[in-house]
Amino acid sequence: MKISAFQIKNYRSIVDSGRCYLSPDYITALIGQNESGKTSVLEALRSFYEGSITDDVLRSDLTFPEITCTFLFEDKSRPSDYLNLSGFPDELQKAISSKTEISITRKWLDSRKNIIAINEPDITSFFQNLEQERSQRETGITNAVSELGKQAELSARDMESAENMVSDARSDLNTIYSRSEQLKRAVNKAKTPDEQITVQQELETCLKQLSDAETNLKERLINLEDSKTKMQILAEKITVCKQVQEFSARVMALNEELKDKSSLLHDAEHQYEFCTSERELKTLSKRLDQLKDGRNLTADSLDEQTIRYYIRLRVAEKVLAGKKLKDAEQEAVHEQDVENSYPTVMEMGAALFKKVPLFEFFEDFSSLLPNKIDLEDLLSENVHAEGYKAARNFLYVAGLNADFFREKNHRILKQKIENLNSEITIDFQDYWRQSVGKDDKIRIHFELEHYDNTHPEKSGKPYLEFWIKDKQERLYPKQRSRGVRWFLSFYLELKATAKSNSVDRVMLIDEPGLSLHARAQEDVLKVFEDLRENLQIIYCTHSPNLIDLKKLYRIIAVQRARDTDEKSETLILDARSLSEASSDTLSPIYALMGTRLNDRQFVFPRNNLIVEDAVTFHYLDVMARLCGLEGQVHFIPSNGTDNVPSMANVLFGWKVDFGILLADTPAGAGMIDFLKATTFYPHPEFSEKKIFLMQGYPWVEDLFSTIDLKRFIIQQRAGITIRNSEYISNNNLSRIILASSFISKIQKEGVQFNDFDDETKHNFENLFARIKTMTEVN
């Protein structure tokens with residue numbers, strides 16, 4: 001995997017960097033003024049990988065860092081190659097499996113403890129939905145408890161009323177029954193037929209009433225049973241809701257207990273760090289073990305009770321919806337088992353983190369090549385031996401291992417070493433192009449020697465001896481300059497790292513080549529270029545020599561929110577937002593636009609033309625070449641309108657022919673008057689032939705049509721209804737960045753003059769025709 005973007009929060013002066021994209025070709029440069037926060041970016045990335053911070057990275061508001069890195073999957077690998085997604089819904093599985101990059105966040109809970117988790121919207125929203133559903137259950141149950149109480153009161157009244165009605169119905173039935181029995185006896189005792197008929201009629205009426213009373217009692221009994229059933233259901237619902245509340249209280253209590261125990265453990269760990277007494281250390285060590293055991297027991301209990309709480313939530317939800325308790329419990333346990341089978345965001349984060357590149361911070365002079373080192377120290381990997389790391393890198397770059405030094409034939413071994421010295425030197429000289437004197441290039445040399453009797457404790461044991469040679473001298477590494485030693489250490493470190501293909505690596509480098517000459521700094525950039533396929537590089541720099549003007553997509557600008565306040569938060573602007581960076585932040589690019597001019601001859605005997613600034617120079621230089629005027633006009637950039645007279649005076653002194661082109665601005669018009677009164681005095685008429693304004697064009701960008709401004713300069717769609725210069729100014733776009741992007745596009749895409757709009761071609765053809773007329777005047 002390759003890192004493709006990062007986001008840093010609450011790390012020193014960085015409150016929230018936003019999502020910052022790294023260069024797609026694996027070389028990213030951080031530029032900015034001192035104290036802007038460049039090194040903090042590198043250290044934050046190292047903290048992400050190593051999982052540790054120091055107190056000095058914490059902000060004054062005591063918020064803890066949160067660092068997210070996005071990684072790009074290479075070849076055909078996908079998240080499903082590293083994650084078990086089988087338990088997730090099919091749609092989610094497909095969404096995750098199709099991703100070509102994925103984000104991982106490391107978040108600190110305090111200065112020591114942090115968690116690492118996957119940070120993908122699809123996955124996090126899935127778990128958030130689960131949490132939201134759980135929250136809705138809790139809310140529903142909380143609301144239900146109050147409503148169930150009210151229903152229970154009404155149900156109790158209904159049941160009491162039903163019981164009273166049953167009692168009354170029984171009483172009525174008993175009364176009618178007793179009367180019917182009396183009437184039956186009266187029928188038998190009747191003395192006359194008339195009396196018997198009368199009693200019989202009354203009995204029949206009573207028996208009918210008795211039947212009605214029995215029916216009424218049965219109805220009342222049914223109503224009573226219904227009331228009891230409702231009451232039982234309500235009681236069951238109230239019981240499961242109370243169980244939820246009880247489990248919730250247990251979980252809350254265990255959470256508080258865990259916080260207290262974690263706090264005690266944190267304090268004990270802090271005390272242990274600062275303890276110096278051996279006796280107290282032993283006592284504290286035992287106490288730490290006890291506190292850890294106690295905290296772990298509480299954490300395990302909390303996990304167990306939390307799962308049971310989640311199950312009771314589901315049971316309560318189902319019972320409230322009308323499910324039978326037994327069925328609800330079976331379904332709830334099954335659903336919770338399914339949810340428990342999902343890997344957590346932290347488990348997925350941990351699984352993916354095992355596959356991320358290795359982040360290494362290149363330490364200046366942390367391991368310089370030693371004068372000599374015992375072979376035993378190298379083969380036994382004695383990291384404490386002086387220069388071990390650099391010597392190990394040297395052997396790795398040379399492709400040497402222990403078997404190489406087991407060669408018994410001394411002559412053959414010497415010849416092999418001589419061949420290797422030649423190979424390493426050639427490779428090193430491909431990068432280190434500096435010479436001692438005119439053409440004497442340094443050479444890297446190592447030899448296998450053995451201790452003599454002057455070292456009795458090591459007599460006969462082998463050691464490696466290193467030299468940095470030139471034609472004049474054979475010197476130990478420590479006898480060479482700081483710059484040579486740094487570059488050699490840097491070369492060996494990156495070369496060895498890139499050669500190790502066992503794992504992807506990200507090299508973090510703070511201010512490479514500070515002690516190097518400008519041309520040697522360009523050699524550093526060459527090392528980056530050659531190794532970038534095997535090694536991602538992120539580095540900080542102030543040097544324009546460590547920036548490729550044709551690849552501004554590699555740049556991330558780092559600056560303070562308020563330029564004058566070093567305590568203000570850090571802003572991080574990736575290549576997409578460079579136009580928002582301040583001129584001070586972009587000064588390496590501005591300097592680069594100027595220093596690259598030094599690589600070419602400007603002043604010629606004839607046809608020289610002074611222009612106001614580097615931006616104007618670059619546009620005119622490119623368009624003149626495209627127009628077929630290369631070599632016919634020689635543009636000379638000044639450093640602003642105010643410096644044009646100085647440039648003109650120099651050319652006057654050199655007695656070369658030249659003209660002056662100024663923008664159609666108040667400053668340009670004023671400069672013409674000034675030049676007539678000073679530099680061209682007392683021949684103002686001569687100045688009229690040699691100085692002119694770009695009539696109607698305040699900036700050189702105004703020579704382009706609106707269509708071409710969008711196509712070739714700002715390179716984006718935009719509704720432009722004003723002059724080009726006004727649009728660039730109003731939108732705070734950096735002219736130097738736009739000019740650089742324009743040059744890169746022309747070179748990369750092979751743009752020809754005919755590819756431009758007719759308006760653009762007309763404007764430049766007219767300008768160049770006038771320039772040719774002016775430069776031809778003697």
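The dialogue below takes up strand pairing, then a sheet with its helices, then the nonpolar cores.

Mentor: Please note at the outset that this is a predicted model.

Trainee: How do strands of a sheet pair?

Mentor: They pair through backbone hydrogen bonds, either parallel or antiparallel. In this model, strand 1 (residues 2–11) and strand 5 pair in the antiparallel sense, over seven bridges. Strand 5 also pairs in the antiparallel sense with strand 6 (residues 101–108), over seven bridges.

Trainee: Why is strand 5 described as largely enclosed by the rest of the structure?

Mentor: Burial is judged by relative accessible area, with under 20% counted as buried. Strand 5 (residues 66–72) is largely enclosed because six of its seven residues are buried.

Trainee: In what order do the strands of the open sheet with parallel pairing run?

Mentor: The order of this four-stranded open sheet is 18-17-19-20. Strand 18 (634–637) and strand 20 (691–694) are the edge strands, each pairing on one side only. From one strand to the next, the twist averages 30°.

Trainee: How many bridges join strand 17 and strand 19?

Mentor: Strand 17 (residues 608–611) and strand 19 (residues 658–663) pair in the parallel sense over three bridges. Within this pairing, I610 stands opposite I660 in strand 19.

Trainee: Which strands does helix 14 lie across?

Mentor: Helix 14 (residues 614–626) lies across strand 17, strand 18 and strand 19, and runs at about 165° to strand 18. Helix 15 (residues 644–654) also packs on the sheet, where it touches strand 17, strand 18 and strand 19. The direction of helix 15 makes about 170° with that of strand 19.

Trainee: Which residues touch the most other members of the largest nonpolar core?

Mentor: A nonpolar core is a set of buried residues joined through their side chains. The largest one here has 55 residues, and L464, F487, F490, L494 and F528 touch the most other members. Helix 11 (residues 482–499) gives the most to this core, namely 10 residues. A separate core, of 54 residues, lies apart from it and includes A557, V633, L703 and I728.

Trainee: What is L494 in contact with, leaving aside its neighbours within four places in sequence?

Mentor: With those neighbours set aside, L494 is in contact with M507, I509, V527, F528, L531, L535 and I537.

How values were computed. Residues are numbered from 1 along each chain as its sequence is written. This is a predicted model: local features need pLDDT of at least 70, side-chain atom pairs count only at pLDDT 80 or more; totals for chains, interfaces and linings use all residues. Side-chain values use heavy atoms; hydrogens and water are left out. A nonpolar core is a set of buried Ala, Val, Leu, Ile, Met, Phe, Trp, Tyr and Cys residues joined through side-chain atoms within 4.5 Å. Buried means under 20% relative accessible area, exposed over 50%, partly exposed in between (1.4 Å probe, protein chains only). Helices (H or I, at least four residues) and strands (E, at least two) are DSSP runs, numbered from the N terminus. Contact means heavy atoms within 4.5 Å. Two strands pair if DSSP finds at least two bridges between them. Axes are lines fitted to C-alpha atoms, for helices over the stretch in contact, and angles run from 0 to 180 degrees between N-to-C directions.
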